Amino acid sequence: MASLTLKNINKIYPNGFVSVKDVSLHINDGDFVTFHGPSGCGKSTILRMIGGLEDITSGEMYLGDILLNDILPRDRKIAMAFQNYALYKHFNVYDNMALGLKLRNMPRNVISSRVKEAAEFLGISEILDKKIKAITDSQKQKVALGRAIVFHPKALLLDEDFAHNDEKLRAEMLHDVKKINRKLGITVLYVTNDYEEAITLATKVVFMKEGQITEVK
């Protein structure tokens, strides 16, 4: 079960700034959820808390029936694609996609199988031996997505800046993410400032303002 449940989540920084205020939300297994609202409304902070990159000040967060609050990011069945791709440019594509699995001491044959499976799914099998610095931005984006899905996550978290505001890259990314959601059944949470994008992509749209959810459609 890969549902996500947030119960009265708050995020207050040491300087007193309230980034997220009393947010409760249920996301069904396999949903494609968009978070929409102005910059600074707390939508990216929610993703970072779900991924474990930000501590929760108060409230509870569940993946299925598992309480996530004190689970380390690496131990959550959740993958997050970062806006700068966070790729090691002197490594080849295979090693970038495999690194996280190696750090988890997974068997070599399992790592190989998962990397090749993800590369084939995203259409980048032919560049597995190429160095990151030698591939295109479009291919880098696919490598970053591939590195996320090799973990077989229950949920994939993405911020709109992942596509660097390049319209062509953004369109390619959204095509791949929709494919990941539809064909692999991975729940997707996507932050966007684009209203049309938010309402056309999603099975559920979460509208936010000043740290609070104002509407869920």
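**Note on the salt bridges**

1. R48 is partly exposed, its relative accessible area being 32%; with a 1.4 Å probe and protein chains only, partly exposed lies between buried (under 20%) and exposed (over 50%). The model is predicted, so local features need pLDDT of at least 70 and side-chain atom pairs count only at pLDDT 80 or more, while totals for chains, interfaces and linings use all residues. Residues are numbered from 1 along each chain as its sequence is written, and side-chain values use heavy atoms, leaving out hydrogens and water.

2. The structure holds 9 salt bridges, each a side-chain nitrogen of Lys or Arg within 4 Å of a carboxyl oxygen of Asp or Glu. One of them pairs R48 with E54, with 3.6 Å between the closest N and O atoms. E54 is buried, at 18% relative accessible area.

3. A second pair is D95 and K102, whose side chains meet in a salt bridge at 3.3 Å, N to O. Both residues are partly exposed: D95 has a relative accessible area of 28%, and K102 has 39%.

4. K168 and E172 form a salt bridge with an N to O distance of 2.7 Å. The two residues lie 4 apart in helix α5 (residues 167-184), about one helical turn; helices are DSSP runs of H or I, at least four residues, numbered from the N terminus. K168 counts as exposed, with 59% relative accessibility.
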